[in-house]
Amino acid sequence: MTNQQLWQAILGNLELTLSKANFTTWFKNTSIIEKNDLGIMVGVPNAFTKEWLQNKYHLEILKTLKTIAPEIKEVKYQIINPTLNQPPPARKETTRTQTQKTENQSINPKYTFNTFVVGANNQLAHAAGIAVSKKPGQVYNPLFIYGGVGLGKTHLMQAVGNEICKKKPDAKILYVTSERFTNEFVSSLTQGKSENFKSRYRTVDVLLVDDIQFLAGKEGTQEEFFHTFNALHQNNKQVVMTSDRLPKEIPAIEERLVSRFEWGMIADIQAPDLETRLAILKTKAREKNYDLEPEILNFIAETIQTNIRELEGALNRLMVYCQLNNTRPTIEQVKSVLINVITPPKKRGVSPKKIIEVVADFYNVTPEDLLKQSRKKEYVNPRQIAMYIIRKELETSLPSIGEFFGGRDHTTVIHAVDKIERAIKEKSGLKQEIDLVKDRIYIN
Amino acid sequence: MKVVCTKENLKKGLYMVGRVVGVGNPLQVLNNILIKTDSGRVKLSSTNLEIGVNTWVGGKISEEGALTVPARIINEYINNLPTEKVSLSTKETTLNLESDNYHTNINGLPADDFPLIPQIKEEAFAKVDADELRDALSETIWAAATNESQPEISGIFFSFEENKLTIASTDRYRLAERKCLLKTRVREKKEVIIPSRTISELYKILGSGLKDVEIYFSESQVLFKFNDTELISRLIDGQYPDYAQIVPKEFKTEVVVGREDLMHALRAAALFASESNNIQLEAVEKKGLVIKASSAQAGENTTDIQAGVQGLNNSAVFNHRYLLDCLNVLPEARVVLKLINDNSPAMIVPEGRDNYLYIAMPTKI
């Protein structure tokens with residue numbers, strides 16, 4: 001049992017015997033900071049807590065400890081610096097002004113067009129975004145942005161919001177994720193306040209909806225969104241949406257919504273090319289006031305190819321490492337620092353079962369559908385994709401893949417892998433789809 | 001518990017402890033004041049788990065006991081009471097107050113639930129004159145950073161060495177430093193950072209007419225003790241910036257100017273300063289000091305002040321607040337303003353006193 005688990009177990013027990021106010025006041029920010037054979041050292045945030053635990057709760061803590069870890073006989077308390085555990089307070093001023101303008105949904109002010117690096121991969125989306133922010137509701141309505149994970153969809157969308165906000169400070173701009181839209185809709189129904197919900201969404205000037213693909217399969221929410229959309233569109237209010245794929249490819253979403261999504265402008269964001277990646281790195285480094293040799297930036301840009309978030313993560317990691325050690329990095333150091341980022345320990349924890357689950361989820365079928373003998377078209381394609389991914393990612397042998405999919409012959413698997421490989425070359429959309437599935441497999 | 005107190009004593013005591021009580025804390029007892037008989041006197045305590053205050057007031061005790069009652073209620077009640085004496089008694093968790101024609105029962109909470117205010121058992125580390133400390137605090141504490149993202153500079157720096165105490169605060173754009181004499185030599189050099197909130201609390205309850213303030217330290221706590229009151233607080237962990245290296249040693253221009261004159265001129269200019277509070281200061285030999293401000297909306301202002309200028313002609317742009325904050329608290333009639341150029345720190349010191357200095361960075365435009 002780790003220290004944290006042990007302390008959680010103790011807290012779990014104590015929580016039952018104490019009032020909530022007592023519990024949160026005295027046990028907030030406490031932890032076990034040291035443990036040896038005989039005793040534990042409990043870190044507490046201040047002297048008041050130390051006195052109180054020592055004098056009032058000591059016996060109870062000991063008693064609980066005895067039932068969980070009988071070998072420990074002694075508990076001591078020590079004051080640790082509380083500021084280390086607390087996240088720094090949010091920058092109040094910027095968020096305050098922002099929230100006034102944008103209702104309670106904050107658009108992050110750091111996402112602007114100025115900080116968005118334009119390359120061949122996102123030119124179209126960027127241009128569309130600028131056009132929309134110049135004349136909201138008049139050109140390209142709705143604007144639909146799609147692209148893979150960490151390529152800047154949210155950045156671009158929020159930049160549209162920020163730009164409009166700058167031009168017309170009194171415009172009502174609402175930014176929601178589709179998940180939040182769903183949650184608010186559901187809770188407005190349960191609380192009988194659907195009028196509030198409607199008026200909130202239908203009176204905005206600009207509606208920004210992130211990750212619209214999560215509306216898939218939620219019929220009630222889709223209908224509400226349909227009406228919201230119509231109301232806004234009719235009044236020439238701008239709607240911007242993002243998704244990880246084309247409207248047509250979002251499964252289980254109503255036809256009438258799909259046709260509306262395709263109404264205005266659909267812009268895609270692809271993975272950035274080397275030059276763009278380099279430009280992004282340079283911008284980020286400048287933002288953080290951090291000066292790096294060009295070779296090092298080159299190295300990072302060459303090794304991390306698909307995801308901008310990873311690119312930034314690698315840069316941050318490098319900065320922290322250098323600040324801690326107070327050195328300027330050499331290319332060798334960079335390699336060792338970034339080893340985990342560059343070759344992530346991907347394969348760990350990924351099993352054929354997990355891949356099948358993710359694929360099934362992605363195409364909105366059940367894992368059983370993939371394993372059973374049905375040859376319906378909507379099962380066959382995901383099944384073949386699952387086989388393909390298992391083969392390519394895990395390098396599992398053909399017969400055992402067949403075995404896994406309900407005792408199919410290995411030639412079936414060969415056929416599936418060949419077919420998908422061919423299809424990838426022919427249809428560009430499929431590659432993106434498979435990349436998305438892979439992203440999901442490794443994210444969780 | 002059965003106690004009789006004069007209203008004045010009780011009021012004074014409650015004033016001391018009433019300010020640090022938590023407000024709206026989910027743990028009810030933290031919104032309360034502890035009233036307790038303690039070796040022939042009445043002890044009042046309050047805490048917000050960061051700062052704790054104990055104070056003792058005189059009274060006639062006929063039965064020992066203790067109870068906690070909501071701070072706001074007892075404070076306002078006693079303040080409002082027109083009578084001279086109050087007798088307090090407890091029955092379970094109710095505090096009964098009898099005073100002539102006023103009869104009151106306040107619902108309280110058991111004293112056992114009240115947080116234990118940590119004790120410091122060490123000997124007093126240092127001793128300083130109360131008025132001296134009060135003056136020193138008034139000249140420094142406002143310069144600390146209000147943002148807690150850098151905890152070190154959000155506190156006030158106390159450095160003890162031999163028979164000197166140096167108090168400093170900075171927010172990276174300005175710095176105030178004051179030296180005080182201690183009553184005794186300290187046994188070792190010590191540097192601590194004390195939260196601003198603690199110090200401003202201390203400043204408020206350090207009334208005049210007190211004698212000495214004793215300062216105690218333990219592992220991570222500081223205790224100030226004066227007359228019948230103790231204030232205890234946590235310390236901020238961290239390393240205070242080594243500010244001595246940014247204090248310039250030599251200046252190009254020195255201006256001796258009337259403090260009031262300068263303040264009037266700055267306040268006038270402030271009305272016309274741009275949004276960033278910028279005003280321009282120009283020192284001209286033989287002529288004096290020229291203060292200028294202009295903004296597109298409001299208009300512009302120029303004030304000439306007679307002042308003794310020594311050295312080169314010089315000019316720099318400052319945030320007028322940074323200058324006024326300092327001028328506001330100095331008691332002297334004249335101050336010395338020292339400049340290097342429009343890009344280096346400027347210094348203000350009171351004329352004829354060498355235990356105080358204030359540094360402000362000019363604004364770059």
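What share of the contacts in chain B between residues at least 6 apart in sequence join residues at least 24 apart? I got 68%, with a contact meaning two C-beta atoms, placed from the backbone, within 7 Å.

Ground rules for my notes: this is a predicted model, where local features need pLDDT of at least 70, side-chain atom pairs count only at pLDDT 80 or more, and totals for chains, interfaces and linings use all residues. Residues are numbered from 1 along each chain as its sequence is written, while chains are lettered from A and ligands numbered from 1 in the order in which they are written.

Chain B next. I found 7 helices and 26 strands in chain B, taken as DSSP runs numbered from the N terminus (helices H or I, at least four residues; strands E, at least two). Of its 365 residues, 41% are buried, i.e. have 20 or more other C-beta atoms within 10 Å of their own.

Then I looked up the cores, meaning sets of buried Ala, Val, Leu, Ile, Met, Phe, Trp, Tyr and Cys joined through C-beta atoms within 7 Å. The largest has 112 residues, and B:I156 and B:F318 are among those touching the most other members. Leaving out residues up to four places away in sequence, I see B:I156 touching B:I141, B:I167 and B:I194, among others. A separate second core of 59 residues includes A:L143 and A:I300.

Last, the A–B contact. I count 15 residues from chain A and 17 residues from chain B. On the chain A side, helix 2 (20–27) and helix 3 (47–68) each give two or more residues, and helix 3 gives the most, with 5 residues.

Methods:
A residue is buried if 20 or more other C-beta atoms lie within 10 Å of its own, exposed if 12 or fewer, and partly exposed in between; C-beta atoms are placed from the backbone.
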